[in-house]
Amino acid sequence: MIVSARAPTKVTLFGEHAVVYGYPAIVLSIPEYVVVEGVRSDKFLLRSGPVYLNKLSIIIGENAIHVARDTESDLVRYFSYVLEAVRSLGLNGLEISIKSRLPVGAGLGTSAAVTVGTVAVASKIAEMNLTKKEIAKIAWEVEKKVQGKASPMDTFASALGGALYISKAGSDWNIRRLSVENLPLVIGVFRKRKTTGELVKMVNEKLKEIKVIERVLETIGEITNEALKALENKDLALLGELMNINHGLLEALGLTNKEVACAIHSLKQAGALGAKMSGAGYGGAVIALGDDLDSLVSVMRSCGAEKVLKITSLSNGVEY
Ligand code: PMV
């Protein structure tokens, strides 16, 4: 019997990079899904469906791992997440198929969605009755194991859905679901020119060398807290202004490139209430808030976005 789950991806609305230093962030779960299907088996088999852009098949036997993939695909990067997720639920075999139309590594949280979807599917096959929160916690542990370090932002957004305010007190993370169901947003995905690791390291080096960077990160934290109030009050004009200011500071940290700068400028000219890069930067996702979403879609395309998504409602988390 095939068991399936749909796990949503996410965008960071406020607070990326600053969140690495313990400042808060706001993340939105978006209705753009990764689909995971599983069948009980005595071996591991991971593949992707033919109708989707990325193709991957991995077979792990007792003593051997076989990986077959098309040359363009980087779905193979999900392999360790899937394997760790399956193992963490105590299963020693499973056939898993992953279907995703989104580029890997663009800051949309696809690896977290794959992890959440796999945990949901594997837990159903293992006949465990897990809640979304339990799935989120297990998926976060999987991410920490695979990456060495991970905030709960992406896994909780994918599992729980909606808009989440993430903050840190000491070494504990607090996650609060906000009462926001929709936001008129356009997301443009641009070719990413640097990795998240490189960009996090770059900010860290600047922080050590330039005293004022600490104030920049602290100010991003303050903007996130002001945005939290604007979201709760449904004040989209203020929210847009705060996105612009947050973007200005990310730009000051050196996190934009020509395509992103072009998009931000043109989106504002086309009437966006606010526009900012989202995620690690230097390409990847750009988000714009506005009334006339179709004109923002055209702007994203004309500035070179490889994929454009129009978002009018948030996702409700993993479906399984
Ligand atoms: O990998 P991305 O593009 O989702 O960005 C990660 C967000 C950072 O704040 C830059 C890093 C982090 O671990 O939170």
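Predicted model: local features only at pLDDT ≥ 70, side-chain atom pairs only at ≥ 80, totals over all residues.
I started with the ligand: domain 1 (3-178) and domain 2 (185-311) both give residues to the shell around it, so the ligand lies between them. The domain bounds come from an automatic or database domain assignment.

Residues are numbered from 1 along each chain as its sequence is written.

**Ligand shell.** I listed the residues around the ligand: Glu16, His17, Val19, Val20, Gly107, Ser151, Thr196, Val200, Gly279, Ala280 and Gly284. To be near, a residue needs its C-beta atom, placed from the backbone, within 6 Å of the molecule. I then sorted the shell by class and got four nonpolar, six polar and one charged residues. Here Ala, Val, Leu, Ile, Met, Phe, Trp, Tyr, Cys and Pro count as nonpolar, Asp, Glu, Lys and Arg as charged, and the others, Gly among them, as polar.

**Domain contact.** Next I checked how the domains touch: 23 residues of domain 1 are in contact with 28 residues of domain 2 (contact means C-beta atoms, placed from the backbone, within 7 Å). On the domain 1 side, β1 (3-14), β2 (25-40) and β7 (163-169) are the elements that give two or more residues. β2 gives the most, with four residues. That side of domain 1 divides into 16 nonpolar, five polar and two charged residues. Strands (E, at least two residues) and helices (H or I, at least four) are DSSP runs, numbered from the N terminus.

**α1 against α2.** I looked at α1 (residues 79-88) and α2 (residues 110-125), which pack at about 30° with their axes 9 Å apart. Axes are lines fitted to C-alpha atoms, for helices over the stretch in contact, and angles run from 0 to 180 degrees between N-to-C directions. The two are therefore roughly parallel (under 35 degrees; over 145 is roughly antiparallel, 65 to 115 roughly perpendicular, the rest oblique). Tyr81, Val82, Ala85 and Val86 in α1 meet Ser111, Val114, Thr115, Thr118, Val119 and Ala122 in α2.

**α2 against α4.** Then I took α2 with α4 (residues 153-160): the angle is about 55° and the axes are 8 Å apart. That pair is therefore oblique. Ala112, Ala113, Thr115 and Val116 of α2 make the contact with Asp154, Thr155, Ser158 and Ala159 of α4. I count four nonpolar, three polar and one charged residues there.

How values were computed
Contact = placed C-beta atoms within 7 Å.
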